[in-house]
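I am keeping these notes while I go through one protein chain. The sequence and the structure come first, and my entries follow.

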Amino acid sequence: PLGTGDGQLSNVITPTSPGGVCDTAVGCTTNHLVSVLSVSKGVDPASGTTVTAGKTLTYTLTFKNVGTGPYAVDYTDLLTGVLDDAAVTAQPVASDGSLTASTVTDGAFTVSGSLAAGATVTVTYAVTVNADGSRGDDMLENFVFKTGGTPAGKCVTGDPLCTFNPVTTPPPLANTGGLAYTGANVMGFAALALFALLGGTALLAFRRRKATE
């Protein structure tokens, strides 16, 4: 972070002897802009949210240059902890041509390019959770880190560089004879209820007629 500074490293040569001058051929002042990059990762539904088979999750990487000079971006997004439980259904796409996102290969992709001071670029992609019985550890864990570095071993709540979403199998619905309810079950129960109602109505009418006789 830049703190309260001006985002520039300036240095001025001041002669110490009376009447002295600096070497104008070299220059009397140096000035360097400071490059600072803010990187974060998000997912919809939010990190920590439990998901189920067939659910699509949309990931967003945000790169923001909060410095005063251009920043050479070179980051890797590692999703091997996602792809044992889900499949990529939308490849990474950058919101601006200043950054380029590669396709997902061997469980990872890269984001590279030059980001101007004050600029913000996002990269989005999506995955869909595999069917029950076709998953790994039922945990979608995803990390972004500077290329060549080492990602965190485990994602924790509040870490802006990773996300996690547990996967669960919904409990079976109420059943009869160990069989889950289906549309046919519901229609069958409705028919039985209707027959019971008609039978009760007919029996009541019969009793009233007998009573009259």
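Entry 1, a valine. I started with Val-73. Leaving aside neighbours within four places in sequence, I found Val-73 in contact with Leu-37, Phe-63, Leu-99, Val-111, Ser-112, Gly-113 and Leu-115. I keep in mind that this is a predicted model.

I looked up the largest nonpolar core, which has 28 residues. Which of its residues touch the most other members? They are Phe-63, Val-73, Val-111 and Leu-140. I then noted where this core comes from: strands 3, 4, 5, 7, 8, 9 and 10 each supply at least two residues. Strand 9 gives the most, with 5 residues.

Strand 5 covers residues 71–78 and strand 8 covers 108–115. I found 8 bridges joining strand 5 to strand 8, and the two run antiparallel. Leu-78 stands opposite Ala-108 of strand 8. As a reminder to myself, strands of a sheet pair through backbone hydrogen bonds, either parallel or antiparallel.

Strand 7, residues 99–101, pairs with strand 8 in the antiparallel sense over 3 bridges. Ala-101 stands opposite Val-111 in strand 8. Strand 7 and strand 8 form a hairpin with 6 residues between them. In the turn I checked Asp-106, which has a positive phi of about 55°.

In what order do the 4 strands of the open sheet lie? I read the order as 3-4-9-6, with antiparallel pairing. Strand 3 (37–44) and strand 6 (86–94) stand at the edges with a single partner strand each, so one side of each has no neighbour in the sheet. The twist averages 15° from one strand to the next. I followed one of the pairings: strand 6 and strand 9 (residues 120–129) are antiparallel over 6 bridges. Ala-87 has Thr-128 in strand 9 as its bridge partner.

I picked Leu-61, which is found in strand 4 (residues 56–65). Is Leu-61 buried or exposed? Leu-61 counts as buried because its relative accessibility is 1%, and buried means under 20%. Leaving aside neighbours within four places in sequence, the residues in contact with Leu-61 are Ser-40, Lys-41, Asp-77, Phe-109, Val-111, Val-121, Thr-122, Val-123 and Val-144. I also looked at Leu-61 and Val-39, which are 22 residues apart in sequence and 7.3 Å apart in space, C-alpha to C-alpha.

I counted 2 helices and 13 strands in the protein chain. Of the 213 residues, 25% count as buried. The accessible surface comes to about 12,700 Å², and 60% of this belongs to carbon and sulfur atoms. For contacts with a separation of 6 or more, residues 24 or more positions apart account for 71%.

I checked the pLDDT last. The mean pLDDT of the protein chain is 81, and 65% of its residues reach 70 or more. Over residues 1–10 the pLDDT is below 50, although this stretch has 22 contacts in the model beyond near neighbours in sequence. Where pLDDT is low, the predicted coordinates should not be read in detail.

Key. Residues numbered from 1 in each chain as written. Predicted model: local features only at pLDDT ≥ 70, side-chain atom pairs only at ≥ 80, totals over all residues. Heavy atoms only, no water. Buried < 20%, exposed > 50% of the residue type's maximum accessible area, 1.4 Å probe, protein only. Contact = heavy atoms within 4.5 Å. Areas by Shrake-Rupley, 256 points an atom, 1.4 Å probe, with all protein chains shown as cover. Pairing = 2+ DSSP bridges. Axes fitted to C-alpha atoms, helices over the stretch in contact; angles between N-to-C directions. Core = buried A, V, L, I, M, F, W, Y, C linked by side-chain atoms within 4.5 Å. pLDDT = per-residue confidence, 0-100.
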